[in-house]
Amino acid sequence: MRQPKIIIVGGGLAGLMATIRVAEAGVPVDLFSIVPVKRSHSVCAQGGINAAKNQKGEGDTPQKHFDDTIYGGDFLANQPLVKRMCEAAPGIIDLLDRMGVMFNRTPEGLLDYRRFGGTLYHRTAFAGATTGQQLLYALDEQVRRHESEDRVTKREGWTFLSAVMDDAGVCRGICAMDLRSMEVKTFAADAVIFCTGGIGAIFGRSTNSVVCTGSAQSALFQQGVDYANGEFIQVHPTAIPGEDKLRLMSESARGEGGRVWVPRKPGDKRPGKSIPEAERFYFLEEWYPKYGNLVPRDIATRAIHRIVYQEKLGIDGQAAVYLDVTHLPREVLDRKLEGILEIYEKFLGVDPREQPMKVFPAMHYTMGGIWVNGEDQATNVPGIYAAGECEYQYHGANRLGANSLVSCIFGGGVAGPAAVKYARNLERGAESADSIFTREQKRQEEKNQALISQQGSENPITIWKELGEIMTEHVTVTRINKNLEASHSRIQDLLGRYKRINLSDRTHWSNQMLNFARELENMLVLARVITYGAFCRNESRGAHYKPEFPERDDANWLKTTRAKWVNNDIQLTYEPVDVSQIPPRPRRYDAAK
Amino acid sequence: MSVAETKQVTVRVKRQASPKDSSRWEEFAIPWRPSLNVIICLREIAEKSVTREGRPTTPISYDSNCLEEVCGSCAMLINGKARMACSALVDQLEQPIRLEPLSKFPVVRDLTVDRQFMFNSLKRVKAWIPIDGTYNLGEGPRIAPEVQEKAYPLSRCITCGNCLEVCPQVNEHNNFMGAAIFSQVRLFNMHPTGAMHAKERIQAVMGRGGIEDCANAQNCVKACPKEIPLTESLAEINRQAWKQALFGWLLG
């Protein structure tokens, strides 16, 4: 029998899990990553990973996890696969535990669980406040073991440029660039799994890492891979503003008892700590008595915007509210939240154990992503699979905290064997499709050459900053149609200006500017998909909020947005959502659901 | 003059176009504003690639990713000290701020270095728990909270390489793997399943570049951005190695 070969692009949680599964099936894997996989963005996940293990005897079940996830996502997710994920979650925790993840423990030596947003159960396993890092390392170690036994070949320091497609529209491999030598090369594979993560850079500043540009997703989109629900962008309620990055302050701070408040008196100049209890406005607790500080992220974010922009109650008139953990015992803070408190202390020079933290919402996550079928993570292009944040199917219109890690590992775990099965059933492998590789390589080399040699007047970083400002102002928390329309046309203007960019680095060795310029074009195209999708969806659902259409509209909009690239333009189609398991009901968090 | 008075930050960067080229210094002036860190300075230089003297130059090549000191990418020498660029706040640094690549790793370009040596070492010492497979085999072993509390800090190592940079034993004459690696061996040997294979890991740290080469300078623990008790790890692995060597000799 012919030995198939699989390529995985992206070495975060989803990519590593897919890699392990393919290696276990005895199929060789080439794993591509921009950074050494141990430095992937999954390290930034802080609070934990959800699984209904019912370790606290509260009567939690996978069915309740499923219901919370669907309800939290405002019924936009296709339900069958979400159900499978929630059922698989306890087994995923067991697996991570066996891999040696240093989860926090109870006195009995069992895993400890904490509360998170959008649920009333203790369902979140955690390793301090650096759970993503710990999970990523566990999978990284397993992949290193497979690598040392020659089942995995890592290609770190390579960036994906495009898929190699044959004339029948089947993916036969990838074209990638070595970020040191800038060499462009093609690699044949029977199937490719994309696990390329988030898109934060499209919004300029976000909680995401530098590599989260969405460039790979966008490149695939422009090659005919559909993109779904792009307009659903999660803005996390609590982050520390910064010029380079908006640093996340995990929901776990609230899961452990942290409280969000502002002074009742507008413009109160007193230090937070000295403001008496009676003069503090715990607005989430007052507005949402049942869930309090643990309402889902879209709700908390909108509440903070209302406090700051409508009620004018931001701290000292600024765009900030307090996230307060000073009332919690030091021992609890150090054992359960140290990782994030350390970030606050290091970057702001203030000890959050002593002073309430100042936070504000920040772009955090994309619920939308590469369209995949509801079955096995396959995209609409034969030979291309997707898993993790880069695909769309688990979180509907809003993701619950601590569900991303589980969806990455579950999705990667499904994609790996599915790609192997597909590859084994292929009649004709990648090796037989010859000239398409030289053709694709040439196309990409020409693109690079054009960028390096052109003498334009535009600065790519300036264009990127403008893009970030447009997206953050108009395509995050509150969306207004005329602004969305104007933003969409401004992004098209930026694409026009992009054609005239001038690279300040024309060398052929470790040219980070060339790589950035490649990513920028893709970011601009994906920004259009997001903005146009938001413009067209005239309702409010989960993270997508339009004051002009304040209600969820199931009659017209209980639909997945599916974007296609047709004749160099975006074409949106809509398909029904599979609600076969839980009938949609109104979503409200001020009372028990 | 203080920074606030001049409203400018001066940054000197050691540049090297490729591994084959020789290095040179360039100086940049950046408008001061609150909460600057070294990464923001490098980004500013990328957008306006002009030296202090007004000469056009290329953006500076450097590694970065998470910008919150958890990915380990942006280690470099800042005013001669090995540390992470993202958490190096300009207002806490003496000027001019000198940026150099880590010196114990091959330079790729400018501030970018190749730290593959560390990942290879992790392979050499088998820094993993050898599970039977990812299929469902039930829960992992129970672990006492005290053990978790000792192990978790070790598992926060970000492989930045700062502990190798400051170690006198990491030099061109030997292959000393560095404190981070031995600390990982300690971590895996602590885990109930990992302990079943402790011998293999100790075997791997007994050869060339292994634990014997530690000269106890104790610089590593001071340079670790995650405050990992590296000297404790070195002592513990040294103890385990002696024990294994002694038993090996006794049972000969």
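**Starting from the core**

In the largest nonpolar core, which has 268 residues, the ones that touch the most other members are Ile6(A), Val192(A), Ile193(A), Phe194(A), Tyr385(A) and Leu467(A). A nonpolar core here is a set of buried Ala, Val, Leu, Ile, Met, Phe, Trp, Tyr and Cys residues joined through C-beta atoms within 7 Å. And "buried" has its own cut-off: 20 or more other C-beta atoms lie within 10 Å of the residue's own, while 12 or fewer makes it exposed and anything in between partly exposed, with C-beta atoms placed from the backbone. The largest share of this core, 15 residues, comes from helix α15(A). Helices (H or I, at least four residues) and strands (E, at least two) are DSSP runs, numbered from the N terminus.

Before going on, keep in mind that this is a predicted model, where local features need pLDDT of at least 70 and side-chain atom pairs count only at pLDDT 80 or more, while totals for chains, interfaces and linings use all residues. Residues are numbered from 1 along each chain as its sequence is written, and chains are lettered from A and ligands numbered from 1 in the order in which they are written.

Now zoom in on Tyr385(A). Which residues is it in contact with, leaving aside its neighbours within four places in sequence? They are Ala191(A), Ile193(A), Phe194(A), Gln377(A), Ala378(A), Thr379(A), Ala415(A), Ala418(A) and Ala419(A). Contact means that the C-beta atoms of two residues, placed from the backbone, lie within 7 Å.

Next, find strand β7 (residues 158-165) of chain A. Eight of its eight residues are buried, so this strand is largely enclosed by the rest of the structure. Its antiparallel partner is strand β8 (residues 171-178) of chain A, joined to β7(A) by seven bridges; two strands pair if DSSP finds at least two bridges between them. One pair to look for is Ala163(A) with its bridge partner in β8(A), Ile174(A). Five residues sit between the strands of this hairpin, and Gly169(A) there takes a positive phi near 80°.

Step back to see how chain A is divided: domain 1 covers 238-362 and domain 2 covers 436-558, bounds that come from an automatic or database domain assignment. Taken over C-alpha atoms, the centres of these two domains of chain A are 32 Å apart. Five residues from domain 1 of chain A and five from domain 2 of chain A make the contact. On the domain 1 side, helix α8 (residues 297-310) of chain A gives the most, with four residues.

What about the two chains together? Their contact takes 56 residues from chain A and 55 from chain B. On the chain A side, α4(A) gives the most, with eight residues. By class, that side has 19 nonpolar, 19 polar and 18 charged residues. Here Ala, Val, Leu, Ile, Met, Phe, Trp, Tyr, Cys and Pro count as nonpolar, Asp, Glu, Lys and Arg as charged, and the others, Gly among them, as polar.

Finish in chain B with helix α6 (residues 179-190). This helix has twelve residues and reaches 17 Å from its first C-alpha to its last, close to the 16 Å expected at 1.5 Å a residue; the expected span is 1.5 Å times one less than the number of residues. Is α6(B) mostly covered or mostly uncovered? Mostly covered: eleven of its twelve residues are buried, including Phe182(B), Arg186(B) and Met190(B).
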